[in-house]
Amino acid sequence: MTRRRISPLAPGGAGPERQTLREAKVAALEIEKLVREFVAQNNTAQIKHVIQILSQEFALSQHPHSRKGGLIGLAACSIALGKDSGLYLKELIEPVLTCFNDADSRLRYYACEALYNIVKVARGSVLPHFNVLFDGLSKLAADPDPNVKSGSELLDRLLKDIVTESNKFDLVGFIPLLRERIYSNNQYARQFIISWILVLESVPDINLLDYLPEILDGLFQILGDNSKEIRKMCEVALGEFLKEIKKNPSSVKFAEMANILVIHCQASDDLIQLTAMCWMREFIQLAGRVMLPYSSGILTAVLPCLSYDDRKKSIKEVANVCNQSLMKLVIPEDDETDEGKQSLSLQMEPKEESLSQQEVTSSGCLEASSDSNLSSASVFNVSSTERVPVTLNLDGIVQVLDCHLHDTAIGMMTRIAVLKWLYHLYIKTPRKMFRHTDSLFPILLRTLSDESDEVILKDLEVLAEIASSPAGQTEDQGPCDGSDTRSGQLELHIPVVKASQLSSSGMKGMECSPSTPTMNSYFYKFMINLLKRFSSERKLLETRGAFIIRQLCLLLNAENIFHSMADILLREEDLKFASTMVHTLNTILLTSSELFQLRNQLKDLKTPESRNLFCCLYRSWCHNPVTTVSLCFLTQNYKHAYDLIQKFGDLEVTVDFLTEVDKLVQLIECPIFTYLRLQLLDVKNNPYLIKALYGLLMLLPQSSAFQLLSHRLQCVPNPELLQTTDSTKTTLGFKKATSTNIDYLELLQHFERVQNKHLEVRHQRTGRGEPQDRRVVL
């Protein structure tokens with residue numbers, strides 16, 4: 001062979017382009033004939049020599065016409081070689097692929113045409129060179145010239161047919177290239193990538209699902225493309241993958257894809273976010289506890305979505321399912337502190353990630369276990385009975401929940417979901433959760449100021465669980481023994497009360513009532529901090545105070561709540577707040593349906609516990625004279641009520657004082673005091689009740705309340721008309737005085753001391769020029 005035989009392609013013989021192409025085609029036929037002869041002679045050396053000349057001196061020439069001729073010649077060689085072309089594919093393909101980068105679009109087209117002919121002849125033999133072919137095609141897919149793009153599409157379809165019909169495709173070798181190319185920002189390149197993924201998914205012998213973690217992130221990024229067509233193609237591809245995951249969960253590497261989904265569940269693009277959230281829902285339901293190590297990330301992505309409006313209703317609904325499903329995965333066993341299990345779990349999960357096995361629990365959730373880690377290619381085995389515990393990253397979860405509670409910008413439904421999570425964790429994993437209680441307590445208290453009643457209700461449920469859980473009991477603190485004065489001093493400025501300053505009955509008032517369930521050490525802290533909250537935020541007390549206390553009485557023991565609050569208020573230095581708080585508690589005690597049983601317990605004072613509670617309440621109620629009288633009315637201590645009213649003459653009468661007397665008169669007319677009004681019929685046995693009511697009447701100015709009480713007292717019958725033959729009946733007041741063993745004289749003296757303190761404080765405020773209580777102007 002001599003160079004002269006293919007010299008028509010040389011630059012020196014170039015004429016007009018059309019003539020050059022004709023000459024090139026003639027030369028190509030000559031080359032094809034020559035190569036056929038060499039093939040017949042099995043002359044490998046000459047074949048390689050021809051290919052080398054066409055490659056080096058023509059296809060890679062500096063002259064464009066020579067490059068065109070070289071490309072046509074290489075295609076001709078391939079046609080001549082036929083089935084033997086596979087032996088020379090590297091030499092045939094490389095110069096053609098080099099021309100894909102040519103600045104001349106016509107040359108790129110000829111290169112595409114040449115490669116098409118080479119691939120068409122070689123068929124399956126090109127698969128070992130698939131990566132370089134794919135790399136070149138991915139560049140042509142984004143070519144600006146429509147002819148080049150059209151030619152590349154023909155070549156692309158041919159290559160897809162070859163891959164589809166072959167069982168020798170090297171998927172392992174292809175994945176790194178696919179992972180790299182999938183992050184292209186060019187629309188045509190993205191379209192090309194997605195089309196190939198769809199093809200590979202459709203081939204039964206190719207299991208692309210094993211390598212989904214490698215390309216999932218890229219797929220979600222393509223899902224955000226501006227082209228509707230590309231978004232649709234990507235949506236279809238992701239949909240096919242999800243169908244395959246549902247069919248074969250045992251072969252899915254859930255753990256390796258969890259964080260990818262977490263990232264895209266927070267995407268600003270609605271389609272990406274919705275799709276990722278749907279995947280997350282399926283992952284949680286299919287993988288079960290395998291997803292627990294990623295709970296903090298999942299919650300970070302899911303919780304904000306719960307407050308979406310109707311414009312993102314679909315995302316909100318799916319996020320809600322994710323949240324509920326994830327919550328069900330936390331079980332009481334997560335509260336165990338078996339160090340052996342934990343160390344085993346850490347060995348199997350060096351990166352807090354686990355490729356786990358599952359078994360279905362009775363609740364229908366999938367429970368995870370594993371004997372492999374992410375670094376291996378092992379698969380998820382549903383039927384395995386060997387389970388390795390999945391560690392619940394409670395610290396991470398609590399940190400996320402705490403962060404969301406501190407974020408004032410989050411929506412109401414998100415705050416409710418956060419509080420539901422905290423409540424669920426305190427129920428399922430109380431021992432571990434109480435390690436975080438000190439850090440959570442302040443924000444839970446601040447949440448009581450939330451604008452939403454529903455949020456406050458959930459917050460109270462969490463606080464009530466903290467205050468009553470046995471896991472919260474500590475050895476060095478009692479629930480309501482009055483010994484936690486240090487925290488009280490810090491929070492409510494409670495002075496230290498020396499033992500010598502307390503009488504025996506006073507000490508009884510500071511003890512827990514043995515008839516009630518014992519609260520843990522956080523109960524008393526809760527009561528102290530709640531009162532501090534009311535003290536520092538008076539608007540909260542005015543608008544939500546009664547609501548909060550009533551709900552707590554439903555969630556906890558009402559007697560414990562009133563007992564502990566009375567104990568704390570007894571040592572409160574801010575007397576004005578103490579008076580206001582006592583008035584609020586008294587109103588709740590007398591009017592709330594939630595406290596029916598507590599009122600009945602106090603009505604008769606039949607048990608030592610009820611008398612102990614009365615004494616405790618009385619000592620704090622002394623901060624407010626009128627509430628003290630109402631407590632005596634409730635407990636049927638009418639003689640003591642009369643004695644108290646007699647002391648009112650020594651008090652400073654203000655408008656607020658008379659207003660409270662007015663309200664007490666209104667309360668007497670309510671159903672709660674029906675028994676009191678009926679006792680007015682028994683004049684002989686209730687003389688002090690009548691005297692006490694007349695005392696209130698004398699305190700009131702001529703007002704509607706005065707008229708109301710006056711009319712009531714006018715209805716009291718003449719005792720002479722109601723005499724009965726039973727002359728041995730003792731008076732109720734005498735029976736109560738002798739049976740209750742309560743030192744009423746000491747209580748009356750305590751009342752005087754407290755009121756003297758109030759008077760002294762009012763005078764001090766006057767001296768400092770502070771606003772005073774409104775006085776009565778006569």
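Welcome! Our tour opens where helices α27 and α30 cross, and that crossing is left-handed. Keep in mind as you look around that this is a predicted model.

**Stop 1: the helix pair.** Select residues 575-591 for α27 and residues 625-634 for α30; the axes of these two helices come within 10 Å and cross at roughly 25 degrees. Angles under 35 degrees count as roughly parallel, so α27 and α30 are roughly parallel to each other.

Now show the side chains where the helices touch. On the α27 side, pick V582, H583, N586, L589 and L590; they meet T627, S630, L631 and L634 of α30. Sorted by class, this contact between α27 and α30 has five nonpolar residues, four polar ones and no charged ones.

**Stop 2: the core.** Next, select W279 and F633. Within the largest nonpolar core, which has 234 residues, these two touch the most other members. Then colour helix α13, residues 270-287: with 11 residues, α13 gives this core its largest share.

Stay with F633 for a moment. Which residues is F633 in contact with, leaving aside its neighbours within four places in sequence? Display Y638, A641, L664, I668, F673, Y675, L676, L689, A692, L693 and L696, and you have the set that F633 contacts.

**Stop 3: a proline in a loop.** Finally, move to P717, found in the loop between α35 (704-714) and α36 (732-739). Is P717 buried or partly exposed? Its relative accessible area is 23%, which makes P717 partly exposed.

Technical notes
Residues are numbered from 1 along each chain as its sequence is written. This is a predicted model: local features need pLDDT of at least 70, side-chain atom pairs count only at pLDDT 80 or more; totals for chains, interfaces and linings use all residues. Side-chain values use heavy atoms; hydrogens and water are left out. Axes are lines fitted to C-alpha atoms, for helices over the stretch in contact, and angles run from 0 to 180 degrees between N-to-C directions. Helices (H or I, at least four residues) and strands (E, at least two) are DSSP runs, numbered from the N terminus. Angles under 35 degrees count as roughly parallel, over 145 as roughly antiparallel, 65 to 115 as roughly perpendicular and the rest as oblique. A crossing is left-handed if the near helix is turned anticlockwise from the far one by less than a right angle, and right-handed if clockwise. Contact means heavy atoms within 4.5 Å. Ala, Val, Leu, Ile, Met, Phe, Trp, Tyr, Cys and Pro count as nonpolar, Asp, Glu, Lys and Arg as charged, and the others, Gly among them, as polar. A nonpolar core is a set of buried Ala, Val, Leu, Ile, Met, Phe, Trp, Tyr and Cys residues joined through side-chain atoms within 4.5 Å. Buried means under 20% relative accessible area, exposed over 50%, partly exposed in between (1.4 Å probe, protein chains only).
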